[in-house]
Amino acid sequence: MATDCEGCRSGKPLDFDFSMAFQPIFDIAASRVWGYEALIRGTAGEGAYAILSQVSDEQRYRFDQACRVKALELAARLFPRGQNTRLSINFLPNAVYEPAACLRATLIAARRHDFPLESLMFEFTENEEIVDTGHLQNILTEYRRQGFITALDDFGAGYAGLTLLADFQPDLIKLDMKLIRGIEVSRPRQIILATISTAARELGIQVLAEGVETEDEFTVLKAAGITLFQGYWFAKPAFETLPPIDMSVRATHRADRSRVA
């Protein structure tokens with residue numbers, strides 16, 4: 001009996017190569033790196049668009065599979081052992097034929113590299129129009145059954161907004177950087193942030209702020225109760241390696257805690 005899906009068998013082979021960069025996700029409550037997002041890059045470090053622009057409709061299924069395997073291979077080599085560091089991988093819901101079958105290559109790669117399944121997080125973006133909501137629900141159900149963390153990326157910038165969140169409750173939502181940019185001087189953005197944070201808390205969903213670039217943005221977001229952060233103010237993505245964390249971020253958080261004490 002075949003264990004892989006029709007799309008993986010019949011899709012057009014990739015005629016290009018690619019690699020990954022890694023950007024940290026920082027947990028200020030624990031003062032540690034919570035995980036890293038794997039970001040597509042060319043083999044010489046070219047940006048994601050240089051690769052994504054080469055992916056044809058006939059290749060998107062195999063490309064989605066290849067991205068997962070590449071991210072796992074690099075993370076297994078780079079991540080510190082025994083620290084429960086999460087690996088966040090982007091996936092295309094519309095590129096998944098049958099959830100269990102399409103996970104075969106992912107599970108094989110995780111076993112081969114002894115990478116714990118509970119440390120894997122799969123992000124799907126609100127910027128991709130979901131043509132079959134029932135199919136997405138099946139994907140999330142299967143991923144959770146396997147022990148994966150699920151996340152909704154670019155929240156607040158895509159097709160469905162709160163409607164998508166009403167239909168699906170992932171483990172985590174990542175606030176879109178357009179909502180975060182300039183939030184320290186925007187009362188409407190601050191009100192929207194507070195509303196989203198309250199809704200997420202009531203639904204048992206963690207909130208991650210991505211694209212954080214300034215200390216002022218960080219201060220407002222932290223005051224709203226957000227503890228997971230990603231962005232240039234912490235560290236830029238590093239090609240095929242793990243970037244160092246700006247120690248001033250940790251120092252700022254420790255200073256805040258000492259003043260409270």
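Me: Which residues in helix 3 meet which residues in helix 5?

Reply: In this predicted model, Q65, R68, V69, L72 and E73 of helix 3 meet A105, T106, A109, A110 and R112 of helix 5. Sorted by class, this contact of helix 3 with helix 5 has five nonpolar, two polar and three charged residues.

Me: At what angle do the axes of helix 3 and helix 5 cross?

Reply: The two axes cross at roughly 10° and come within 9 Å. Angles under 35 degrees count as roughly parallel, and helix 3 and helix 5 are therefore roughly parallel to each other.

Me: How should I read the largest pocket, and which residues are the closest to its centre?

Reply: Rolling a probe the size of a water molecule over the atoms shows where empty space is left. Here the largest pocket has a volume of about 1100 Å³, and of the 40 residues that line it, E37, L39, L52, N90 and D153 are the closest to its centre. Among the elements that give two or more residues to this lining are strand 1 (19-27), strand 2 (32-41) and helix 3 (60-78). By class, the lining has 19 nonpolar, eight polar and 13 charged residues.

Me: How many aromatic pairs does the structure hold?

Reply: A pair of aromatic rings is described by the distance of the centres and the angle of the planes. The structure holds 17 aromatic pairs, including the edge-to-face pair of F218 and F229, with 4.9 Å centre to centre and 65° between the planes. This pair links distant parts of the chain, since F218 lies in helix 10 and F229 in strand 8, 11 residues apart.

Notes
Residues are numbered from 1 along each chain as its sequence is written. This is a predicted model: local features need pLDDT of at least 70, side-chain atom pairs count only at pLDDT 80 or more; totals for chains, interfaces and linings use all residues. Side-chain values use heavy atoms; hydrogens and water are left out. On a 1 Å grid over the protein atoms alone, a cavity is a set of points where a 1.4 Å probe fits but cannot get out, and a pocket is an open set with protein on both sides within 12 Å along at least five of seven lines; lining residues have an atom within 4 Å of a point. Grid points are joined across faces, edges and corners, and a volume is the space filled by probe spheres set on the points. Helices (H or I, at least four residues) and strands (E, at least two) are DSSP runs, numbered from the N terminus. Ala, Val, Leu, Ile, Met, Phe, Trp, Tyr, Cys and Pro count as nonpolar, Asp, Glu, Lys and Arg as charged, and the others, Gly among them, as polar. Axes are lines fitted to C-alpha atoms, for helices over the stretch in contact, and angles run from 0 to 180 degrees between N-to-C directions. Angles under 35 degrees count as roughly parallel, over 145 as roughly antiparallel, 65 to 115 as roughly perpendicular and the rest as oblique. Contact means heavy atoms within 4.5 Å. Rings of Phe, Tyr and Trp (its six-membered ring) pair if their centres lie within 6.5 Å; planes under 30 degrees apart count as stacked, over 60 as edge-to-face and the rest as tilted.
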